[in-house]
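Please load the model in your viewer and keep the selection panel handy. We will take a short walk, one selection at a time.

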Amino acid sequence: LIDSASIEENFIQCLSSYFSSNPKQFSTIIITRKNESLFTSTLDSTAQNLRYLTPSTPKPEFIFTPLNESHIQAAVICSNKLGIHMRIRSGGHDYEGVSYVSEIETPFIIIDLAKLRTINVNITDNSAWVQAGATIGEVYYRISEKSEVHGFPGGICTSIGVGGHIAGGGFGALARKYGLAADNVLDAKLVDANGRLLDKEAMGEIPFWAIRGGGGGNFGIILWWKIKLVPVPKSVTVFTVSKTTEQGAEDIFNQWQEVAPGLFDKDLFIRVIFQPVSAANKTGRIISTSYNALFLGDTNRLLKVMQKDFPELGLTEKDCLEMSWIKSVLYIAGYPNDTNPNVLLQGKSTFQNYFKGKSDIFTTPVGAFQELSRRLLQEDNPLMIWNPLGGAMWDFNFYDTPFPFRSDFYYMVEYLTLWHNASEDVSKHLDWIREIYKYMTPAVDDQRRVAYVNYRDLDLGVNKKNATNFKEAAAWGNVYYGVNFKSLVKIKKKVDPENIFRHEQSIPIDLSIK
Ligand code: FDA
């Protein structure tokens, strides 16, 4: 066993010799040690899930905050040489905190990309180079600064980091029009297991395929993504219409399940959010289903589309708001209507909570309204979000990127439970979410059960410290990547044979897989 002081000392020593010919680089290195006053605030700064910040959660020996590419190269080379386990963090939104906590292996350090957030937008060639530590909200803002008619199809929560987000796919309100964020990546720069800085051409097509949806923390440290900008109208339309059981919520939801993925115009994205609310007569809680939508067009055309495909919702002109795409980003993310878009530059989360999430991706309508509602009412702060697929999500083939859930997959469903105090009975919340997940099992009985890697769920299984084989890792690998899992294992063996980039659910090395 090596103590903290020597891990840090050896690491610094190694960096110093790495930079011996360029001492200026060495002098700018930022290492935040466990005993320093800034340690807790640095560790907590972007960590989203407070469940992984409790005193009993393992803490890193130190946090290394690179300021440039060569700092990252040096960190990878030195960690490798000294056998120090690294966790890579961009936006810290991992559902199970694997970017800042190692439960399966200590000691460990964090490479925190929070200071690498440059965004260079090039409207002329419809692209942008974005650094991994930037939030997706910053990317949206910088694009909108340059053009009112360009956007990018990334996630809805604006504080997610582009490093992990795009590596895991990236699903949002433009997905039915343009697919995932990872479907719209043109190039990337990453530091590989040998500390080399590689772009698409240097890494080759196959690793470039793997990093666009094969999950964060597997194949290297992404420094930059080159993303493709997509056209958006100067003015889009948004609405949120809520329905309770008394207002026919069950029939409307059943109808939404029938039409939202397959029938709706590609310009229309309507997700459904289930949440308990206080009953109007204050006699307890009831379930509200909110239809939260973005339409890439004006109110008139939206009303026609809705009248044709989903009249059951009863959308009226006064429910609709027209605004610029960047304002719609804020609206869908839940900011108040008068929020200035420059709030996105603060990169701040509006979510930090104790939480547990699980997800399903369904191939058929499943109904289940009554029982889901009953179960949601049993929990303190539950949330269930139904996201429609279809549209452009179905234009891609299952092997185009590692995210294989294309045609035939109807919606991604997220189950969440939130709590606000470390002292709460965590097992009660975990039991609740595991039960609701169990209840949904028959809805997927004919197929294998699948989920979205960006909604990481460690209940599916975790790596053993050193040797998890393909079969064991299939417990989550097949769930997240379906038929693409085997290809990812083969690529992992080639690009990271020593398994430098590993975490609880990283792609394993299995030498028997040919
Ligand atoms: P974080 O830094 O925690 O990293 C996540 C994973 O990627 C870890 O394994 C990490 O090691 C690895 N990683 C991070 N940076 C890397 C890099 N530079 N190179 C290689 N690996 C790296 N998803 C979605 O598709 N649509 C959505 O709308 C939302 N909304 C949402 C809201 C909230 C509140 C949360 C907490 C999460 C979401 N997500 C989401 C899920 C989100 O996309 C997912 O957690 C991403 O992995 C987050 O990326 P970060 O960089 O923020 O996470």
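In which helix is the place of Ser79? Select residues 69-82 and you have the answer: Ser79 sits in helix α4. Keep in mind as you look around that this is a predicted model.

Stay with Ser79 and show its side chain. Is Ser79 buried or exposed? Its relative accessibility is 2%, and buried means under 20%, so Ser79 counts as buried.

Next stop: the ligand. Select the ligand and the 33 residues around it; Ile88, Ser90, Ser99, Phe171 and Tyr452 come nearest. Then look for ligand oxygen atoms. You will find one 2.8 Å from a polar backbone atom of Gly161, one 2.9 Å from a polar backbone atom of His93, and one 3.4 Å from an N or O atom in the Arg456 side chain. On its own the ligand has 950 Å² of accessible area, and the protein covers 95% of that.

Color the elements that give two or more residues to this shell: β3 (85-89), α6 (162-167) and β10 (221-228). The largest share, three residues, comes from α6. Coloring by class instead, you get 14 nonpolar, 16 polar and three charged residues in the shell.

Finally, select domain 1 (4-115) and domain 2 (119-231): both give residues to the shell, so the ligand lies between them.

Technical notes:
Residues numbered from 1 in each chain as written. Predicted model: local features only at pLDDT ≥ 70, side-chain atom pairs only at ≥ 80, totals over all residues. Heavy atoms only, no water. Near = heavy atom within 4 Å. Polar contact = N/O pair within 3.5 Å; in protein donor to acceptor, adjacent residues only side chain to side chain. Areas by Shrake-Rupley, 256 points an atom, 1.4 Å probe, with all protein chains shown as cover. Helix = DSSP H or I, 4+ residues; strand = E, 2+ residues; numbered from the N terminus. Nonpolar A, V, L, I, M, F, W, Y, C, P; charged D, E, K, R; others polar. Domains from an automatic or database assignment. Buried < 20%, exposed > 50% of the residue type's maximum accessible area, 1.4 Å probe, protein only.
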